[in-house]
Amino acid sequence: MTEQRPAVSVLSFFVIFAVIIGLVTLGEVATKWIEARGVAPPLDPAREREVSQLREQVEELADRVERLTEEQRFLTRLLEASPRGTALPEPEDHRTSTASGPPEGRD
């Protein structure tokens, strides 16, 4: 049994050494591959305009979403703060209305 321990440690040393050499080689290959790819070619002016328009539209949408979120928070706080006895009135059913024309108060 005493002779197997040194053999295991020598074997594990060589295995670890081989793994380290393999990882270093893989890192060098990956580095060369990334360098060989180079920098992406610049966009033509028409594509650049499209990209800038898309960026502006995304920013506008983000602003709108933020406003809607703020409005929702405000309405939620308003509804939570109102007493429960002052609920909103039931909506009128305009289908059963016999009067012709728009309902009163609406133009």
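Guide: Welcome! This is a predicted model. The accessible surface of the protein chain comes to about 10,900 Å², and 62% of that belongs to carbon and sulfur atoms.

Visitor: How many helices and strands are there in the protein chain?

Guide: The chain has two helices and zero strands. One of them, helix α1, covers residues 4-37, and helix α2 covers residues 45-81.

Visitor: What share of the residues of the protein chain counts as buried?

Guide: Of its 107 residues, 0% count as buried. To be called buried, a residue needs under 20% relative accessible area.

Visitor: Why is the contact between the side chains of Glu50 and Arg47 called a salt bridge?

Guide: The distance from N to O is 3.5 Å. The cut-off is within 4 Å, for a side-chain nitrogen of Lys or Arg and a carboxyl oxygen of Asp or Glu, so this pair qualifies. By this rule the count comes to one salt bridge. Both residues sit in helix α2, three residues apart, which is about one turn of the helix.

Visitor: Why does Glu50 count as partly exposed?

Guide: Its relative accessibility is 40%.

Visitor: What makes Glu66 part of a negative surface patch?

Guide: Glu counts as negative. Glu66, in helix α2, has a relative accessible area of 39%, and a patch residue needs over 30%, so Glu66 passes that step. The patch is formed by Glu56, Glu59, Glu60, Asp63, Glu66, Glu70 and Glu71.

Visitor: Which residues make the nonpolar surface patch?

Guide: Val10, Phe13, Phe14, Phe17 and Ile21 make this patch of about 520 Å². Phe14 is in helix α1.

Terms used: Residues are numbered from 1 along each chain as its sequence is written. This is a predicted model: local features need pLDDT of at least 70, side-chain atom pairs count only at pLDDT 80 or more; totals for chains, interfaces and linings use all residues. Side-chain values use heavy atoms; hydrogens and water are left out. Patches are made of residues with over 30% relative accessible area and no salt bridge: like charges are joined within 9 Å, nonpolar side chains (Val, Leu, Ile, Met, Phe, Trp, Tyr) within 5 Å. Accessible areas come from the Shrake-Rupley method with a 1.4 Å probe; for residues, only the protein chains shown count as cover. Helices (H or I, at least four residues) and strands (E, at least two) are DSSP runs, numbered from the N terminus. Buried means under 20% relative accessible area, exposed over 50%, partly exposed in between (1.4 Å probe, protein chains only). The place of a charge is taken as NZ of Lys, CZ of Arg, CG of Asp or CD of Glu.
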